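Student: Could we go through this model together? I would like to begin with the overall architecture and then turn to the annotation.
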Amino acid sequence: MSEQNAKPLSEFIPDVPETTGFNKVVLELGVANHPGVMSHICNLFARRAFNVEGILCMPVGSGETSRIWLLVFEDQRLEKMIRQVEKLEDVRYVERHAGDHPVFGRLDEFFQ
Amino acid sequence: MMQMTGADLIVKLLERQGTSTIAGVPGGAALPMYDALSKSETIHHVLCRHEQGAGFIAQGMARVSGRPEVCLASSGPGATNLVTAIADAKLDSIPIIALTGQVPLSMIGTDAFQEVDTYGMTIPITKHNFLVRSAKELLEVIPAAFRIAMSDRPGPVLVDVPKDVQNQMVSFEAYPDVVVPDAAPKFDIAAVEEAAKMIEAAERPVLYLGGGVIHSGAAAMAVTLAEQASLPTTMTLMALGAMPMDHPLAIGMLGMHGARYTNYVLEEADLLICVGARFDDRAIGKTAEFCPNAKIIHIDIDRSELHKVKDAHVAIAGDVGQVLAELLPRVKPQLRKRWLSHVESLKGRFPLAMPGIEDPRSPYGLIHAVANCLDDNAIITSDVGQHQMWVAQAYPFRRARQWLNSGGLGTMGFGFPAAIGAALAAPERTVVCFSGDGSLKMNIQEMATAAQENVNVKIILMNNQSLGLVHQQQNLFYGKRIMASRYERPTDFLKIAEGFGMRAVDLDPSPNPRATLAEALHTPGPCLIHATIDPNEFVYPMVPPGAANSEMIG
């Protein structure tokens with residue numbers, strides 16, 4: 001993953017919008033846990049051609065809710081994107097973390 | 001302990017929520033719900049001829065009542081036919097509940113007969129949607145659907161119910177409470193104070209009202225704000241009527257077909273107070289050149305609208321009615337003589353030209369002739385196209401919820417079923433639907449519904465035998481190459497209306513079209529009023545698509 005940072009993003013994603021930057025951001029979403037939630041969230045990003053680099057999702061606690069971790073590139077539109085995500089009925093909260101948040105880092109070995 | 005089927009529970013919950021009319025079309029996967037409806041003593045079911053008509057009838061009811069209204073369809077094609085009306089409700093923030101039947105749970109995903117992924121299909125066009133997996137869930141889902149549809153920024157909610165869930169027995173102790181809208185978000189009073197200071201300090205402020213003012217029931221407060229601070233006031237297509245068009249501070253609709261002076265006033269503004277509007281591209285033209293010299297105050301209940309298109313200097317996420325209630329006592333009354341007289345002189349120099357206004361056989365003249373027959377109690381709907389823009393420009397709207405039209409999605413075929421819905425929600429009012437021959441054909445089958453329900457709906461059909469706005473754009477921007485925008489063969493709309501059991505009146509051969517029109521408008525019941533107009537009449541002024549609002553032609 002650290003290697004990808006060194007190269008221009010466009011080499012990996014041919015249709016990446018010009019607004020996309022090179023710094024990564026990790027988003028943490030608390031969501032209701034039922035079939036269809038992922039679909040609501042991914043649709044929002046896909047419609048706006050906002051590339052999601054990584055997705056992790058697991059239920060928390062009793063399984064009433066799930067936590068979704070998204071790895072995205074910093075983008076001028078990120079704040080607007082977050083406000084759209086917050087508007088979804090199934091989304092309880094959205095928190096923004098730095099791109100070096102360990103949640104994705106520890107997964108490197110599964111993507112060799 | 002109560003025990004009943006899921007379908008009976010749905011109907012009971014709708015009744016408890018106050019639903020008295022449902023528009024729909026039955027089909028295999030919705031039959032248990034229809035069977036349950038047959039036992040309801042309070043719900044009147046309006047049988048539509050196409051599910052899209054049902055969706056727009058629900059919208060028409062909701063746009064008049066301001067509360068969520070319900071449409072019902074079966075699975076597969078029933079659901080896909082609803083899609084346009086749901087998407088339309090999303091873009092105009094209209095609270096409707098779409099109930100759809102679905103194939104039984106065990107058959108979902110097997111390409112069963114009349115199976116379509118209604119849930120997946122409607123994710124991007126609903127405010128929220130549900131696929132109900134057990135009858136017990138209905139106790140939460142149905143009230144939640146109403147709560148979501150009417151809370152904050154309203155919108156459509158879809159509830160997809162598999163047939164076996166409709167048939168499943170459910171036991172419960174008590175019905176859930178009747179839901180009311182959630183409390184609106186709290187907002188920052190400091191921002192309201194800042195806004196008040198900016199209004200006081202501004203020299204050339206303009207108030208810009210959007211559909212949110214109507215949804216919030218804040219039209220009277222918006223007018224008070226304008227009067228208190230001497231604010232020239234423009235309205236979007238969705239807000240027409242929020243301030244009476246003949247109010248001295250009203251400067252008409254802005255945007256693509258706004259009057260020249262309206263767009264010029266905005267060009268000169270040093271402060272834009274945007275209330276419940278969203279800087280839509282048809283309203284603001286080229287974003288960078290819209291109100292180039294103005295600071296912006298943006299008030300909207302939907303936080304994601306703030307800074308979305310234009311960065312606001314002060315942004316307040318709150319119910320516009322509540323925000324205006326806080327803002328009003330903080331805004332110092334003042335008379336901006338210089339600015340208002342300048343606005344007046346722009347209006348004098350660049351007014352909205354309405355050629356033919358004296359001639360009831362011309363578009364503007366016909367609209368005025370209709371207005372002269374009616375009072376402010378009438379409800380006006382329109383389809384989409386030239387006639388819609390002419391009515392938006394020229395009709396003297398004077399109250400909120402007087403004007404219903406498809407603003408965001410621009411759906412041809414909206415006007416007539418929406419008018420039926422309006423008439424069902426307000427049977428004491430006359431409802432007039434302005435339409436074109438292109439638009440009317442897109443939901444013409446609902447003439448049968450109008451005749452069946454005997455609603456007081458009058459269609460004013462401006463027939464130019466073409467898709468007028470397409471024809472206009474091909475003339476203006478595509479080298480007059482007319483492609484697929486003229487109907488070669490005329491349609492006999494009078495015969496069609498009569499065939500469906502509606503009265504039909506033709507103004508063309510009438511020696512006194514005003515008298516014929518008045519008689520038709522004042523006779524109760526559905527009626528088609530036909531008038532031929534010249535296909536070479538264009539809507540002016542016009543901002544070419546993609547241009548700045550200052551670059552109007554015509």
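**Two chains in a predicted model**

Student: How much of chain B counts as buried?
Tutor: This is a predicted model. In chain B, 55% of the 554 residues count as buried.

Student: And how many helices and strands does chain B have?
Tutor: Chain B contains 22 helices and 20 strands. Its radius of gyration is 24 Å, close to the 24 Å from the globule rule for 554 residues, so chain B is as compact as a globular protein of that length.

Student: What does the C-alpha trace of chain B span along its principal axes?
Tutor: The spans are about 70 × 65 × 45 Å.

Student: Which share of the contacts in chain B, counting residues at least 6 apart in sequence, joins residues at least 24 apart?
Tutor: That share is 76% in chain B. For chain A, the corresponding value is 73%.

Student: Turning to chain A, what pattern does it follow along the sequence?
Tutor: The pattern of chain A reads α-β-α-β-β-α-β-α, with 4 helices and 4 strands.

Student: How much of chain A is buried?
Tutor: Of its 112 residues, 17% count as buried.

Student: Which residues of chain A does UniProt list for "domain: ACT"?
Tutor: The unreviewed UniProt entry lists residues 26–99 of chain A under that name.

Student: How far apart are the end C-alpha atoms of residues 26–99 of chain A?
Tutor: They lie 5 Å apart. Residues 26–99 of chain A are 28% helix and 47% strand.

Notes:
Residues are numbered from 1 along each chain as its sequence is written. Chains are lettered from A and ligands numbered from 1 in the order in which they are written. This is a predicted model: local features need pLDDT of at least 70, side-chain atom pairs count only at pLDDT 80 or more; totals for chains, interfaces and linings use all residues. Helices (H or I, at least four residues) and strands (E, at least two) are DSSP runs, numbered from the N terminus. The radius of gyration is taken over C-alpha atoms; the globule rule is 2.2 Å times the number of residues to the power 0.38. A residue is buried if 20 or more other C-beta atoms lie within 10 Å of its own, exposed if 12 or fewer, and partly exposed in between; C-beta atoms are placed from the backbone. Two residues are in contact if their C-beta atoms, placed from the backbone, lie within 7 Å. UniProt positions are given in the numbering used here, feature names are shortened, and annotations may be inferred rather than shown by experiment.
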